[in-house]
Amino acid sequence: MKKIQWILGCFILMFCSIANAGGQAPDFSFRDIDGKQHRLSDYRGKWVIVNYWSMECGPCLQEIPALKGIAQRYRNKAVVLGMDAGETPVARMKQFMRQRGINYTVAPTQDSTMFALGLIYGVPTTYIISPNGQIVDTHMGAVTTQQLLRYIK
């Protein structure tokens, strides 16, 4: 009986997550690694790539060059938000960012960011939000430049 309840619970959670795809992204607030306050609505008019990641995740590290490239080349059309999901200490994360040359906004793990856009089943998970605030896609696993360009161009 417990197994059936567990399966049913997983099904409901998955359905709720899928149901959010294509809907309006909730406007949540967060503090970046330097303590500056942001709201998702601050980026209205641009594509927003919200990437949940962890320093301990191999695929997360593999996608950093793609995210950096998009943040640099398309800064007038898109913004990348790196949401730490690994509860990494801020000092360690700042050092990591310097070493990797990360050029996009990174936010330490916060209650306001975790699950703000839907359930996260693992990292990396990336939400693509259109300039008008609609969640147009969710991608679990490392993203590539080509995948992101499908939306931005």
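**A hairpin, a cavity and the salt bridges**

A: In this predicted model, strand 6 (residues 125–129) and strand 7 (residues 135–140) pair in the antiparallel sense, with 5 bridges between them. One of the pairings joins threonine 126 to histidine 139, its bridge partner in strand 7. The two strands form a hairpin with 5 residues between them, and glycine 133, which lies in the turn, has a positive phi of about 90°.

A search of the whole structure finds 1 cavity of 30 Å³ or more, and the space in the largest cavity amounts to about 70 Å³.

Arginine 39 lies in strand 2 (residues 37–39), whereas aspartate 27 lies in the loop between helix 1 (2–20) and strand 1 (29–31), so the pair ties together parts that are 12 residues apart in sequence. Arginine 39 is partly exposed, with a relative accessible area of 35%, and aspartate 27 is likewise partly exposed, at 35%.

Another salt bridge joins lysine 94 to aspartate 34, with the closest N and O atoms 3.4 Å apart. This pair links distant parts of the chain, since lysine 94 is in helix 3 (residues 90–100) and aspartate 34 is in the loop between strand 1 and strand 2, 60 residues apart. Lysine 94 is partly exposed, with a relative accessible area of 30%, whereas aspartate 34, at 60% relative accessibility, counts as exposed.

Helix 3 also holds arginine 92, which forms a salt bridge with glutamate 56, the closest N and O atoms being 2.9 Å apart. Because glutamate 56 lies in the loop between strand 3 (47–53) and helix 2 (58–73), this pair ties together parts that are 36 residues apart in sequence. Arginine 92 is partly exposed, with a relative accessible area of 40%, and glutamate 56 counts as exposed at 58% relative accessibility.

A residue with another setting is threonine 113, in the loop between strand 5 (105–107) and strand 6. Threonine 113 counts as buried, because its relative accessibility is 0% and buried means under 20%. Leaving aside residues up to four places away in sequence, threonine 113 touches Phe28, Phe30, Tyr52, Met83 and Pro108.

Conventions. Residues are numbered from 1 along each chain as its sequence is written. This is a predicted model: local features need pLDDT of at least 70, side-chain atom pairs count only at pLDDT 80 or more; totals for chains, interfaces and linings use all residues. Side-chain values use heavy atoms; hydrogens and water are left out. Two strands pair if DSSP finds at least two bridges between them. Helices (H or I, at least four residues) and strands (E, at least two) are DSSP runs, numbered from the N terminus. On a 1 Å grid over the protein atoms alone, a cavity is a set of points where a 1.4 Å probe fits but cannot get out, and a pocket is an open set with protein on both sides within 12 Å along at least five of seven lines; lining residues have an atom within 4 Å of a point. Grid points are joined across faces, edges and corners, and a volume is the space filled by probe spheres set on the points. Buried means under 20% relative accessible area, exposed over 50%, partly exposed in between (1.4 Å probe, protein chains only). Contact means heavy atoms within 4.5 Å. A salt bridge is a side-chain nitrogen of Lys or Arg within 4 Å of a carboxyl oxygen of Asp or Glu.
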